[in-house]
Amino acid sequence: MSRDTDPQAARLGSPAKAAPSHHQEPRLLAAGPDAGWARHLDTFGPWEPQAAAGGLLEALAAAGLTGRGGAAFETWRKASATAGAGRKGLLAARPVVIANGAEGEPLSFKDRTLLAHAPHLVIDGLLALAAALGGAAMYVYAPADSLPRVRQALAERPGTGRARVVEAPGTFIAGESSAVVNMIAHGTAVPVDQRRRLSESGLNGRPTLVVNVETLAQVALIARYGPQWFRQAGTAADPGTRLVSVSGPAPVPDVVLEVSGGAGLSPVLRQAGMDPAAVSAVLVGGYHGRWVRPGAHVLSPAGPAGSTVRPGAGVIHALDLQTCGIQATARILSYLAAESARQCGPCMFGLPAMASILNRIAGGERNPRLVPELDRLGRLVSGRGACRHPEGTAGLVASALEVFAADFRAHLSGYCAGPGGVAA
């Protein structure tokens, strides 16, 4: 899908002289477009990573920060596990912290926006966590189009000479944690079936913490302003803010929005310029996310089933009333089957089989056994891969079977359920 505006220029905040205090004010992008070192300091204030390191893990726990890369795991737990493993080892086991900016998800552009306009906030968080882990080695892992800005930011400021920059391939699985480590160590961005956690044995056998770049930017804000300030936005269960990549039918531009935790899905669509009444379905969380119908859904990694939908990597993609959800899902599933690492049976055989069946349904085949077989294959591959790629893909298909149930019945009867009853 072509983009009508550059997402890196969308919905950026204006510079603020003091800590933003209201949940509707921009936080992560408060310094405005293309913020350099001087404007970064003018917006957020002086920065001493070593001073911020003391008590940082406790502050992250009090803040309730969860990862913004998709899994939504508690940041302080990941960091504490890595720190603990590092303390048990000798000098050779000095921990590693990797800023993960790989954004292979085709509908996601929040991380590249952040690296383009607020790279210093990401670097702040990287420096703070590295110091909190006892002087850990630092890496920035990002796609080729983000690297010039990252290198420029590192050159602008003191204390970053130890940080190494590594190019991330533009593949879907390149951002998976073990794939990140594998790429840095061996030049191959494919997941590794880990018998030990990365926090225990990661890059070159050292305790390794892989952190999404937005998560690092949030770490920097918590280190500066404290957990209570962080909790002024969002809800008790989902504190703070998050960036979301919002896309939809033309002429709606692709935009990056900063929203509070627990934000309603419909208000986010309106903020992006869409009318929820003109939307048939929304993909939330990206290609490993789920389809939902527009309604009173809340974006949060935690909450009651039904009303809460996990934001995952912060992707929100809307379909208009004329777009067939089955055909849209079939295109995504074909892409995911082709993007696997082909290291295990579920990816090598299961995903292509699922894609074949869904494309047959989308193309008009009326075999009533196809839908049960698609569901069976999804259950078969889920949780059986070397990484979460099969499971995430199966979850997407399961949501399509639920949300587009009427569309599946229509396709099996020879019609697409879109307006006008167009023949499939």
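Modeller: Strand 4 covers residues 208-212, and five of its five residues are buried, so the strand is largely enclosed by the rest of the structure. Buried stands for under 20% relative accessible area, exposed for over 50%, and partly exposed for what lies in between, with a 1.4 Å probe and protein chains only. Strands (E, at least two residues) and helices (H or I, at least four) are DSSP runs numbered from the N terminus. The model is predicted, so local features need pLDDT of at least 70 and side-chain atom pairs count only at pLDDT 80 or more, whereas totals for chains, interfaces and linings use all residues. Residues are numbered from 1 along each chain as its sequence is written, and side-chain values use heavy atoms, with hydrogens and water left out.

In a regular strand, side chains alternate between the two faces of the sheet. In strand 4, Thr208, Val210 and Asn212 point one way, Leu209 and Val211 point the other way, and all are buried.

Strand 4 pairs with strand 1 (residues 96-100) in the parallel sense, over five bridges; two strands count as paired if DSSP finds at least two bridges between them. Within this pairing, Val96 has Thr208 of strand 4 as its bridge partner.

Angles run from 0 to 180 degrees between N-to-C directions, and axes are lines fitted to C-alpha atoms, for helices over the stretch in contact.

Helix 9 (residues 213-225) packs with helix 5 (residues 110-117) at an angle of about 50°, the axes being 9 Å apart. The two helices are therefore oblique to each other, since angles under 35 degrees count as roughly parallel, over 145 as roughly antiparallel, 65 to 115 as roughly perpendicular and the rest as oblique. Val213, Glu214 and Ala217 of helix 9 meet Lys110, Asp111, Leu114 and Leu115 of helix 5, where contact is heavy atoms within 4.5 Å.

Leu114 is also among the residues with the most contacts inside the largest nonpolar core, along with Leu60, Leu121 and Leu129; this core has 53 residues. The largest share of this core, eight residues, comes from helix 6 (residues 119-132). A nonpolar core is a set of buried Ala, Val, Leu, Ile, Met, Phe, Trp, Tyr and Cys residues joined through side-chain atoms within 4.5 Å. Leu121 touches, among others, Leu216, Ala217, Ala220, Leu221 and Arg224, residues up to four places away in sequence not being counted. A second, separate core of 40 residues includes Ile173, Leu336, Ile361 and Val397.
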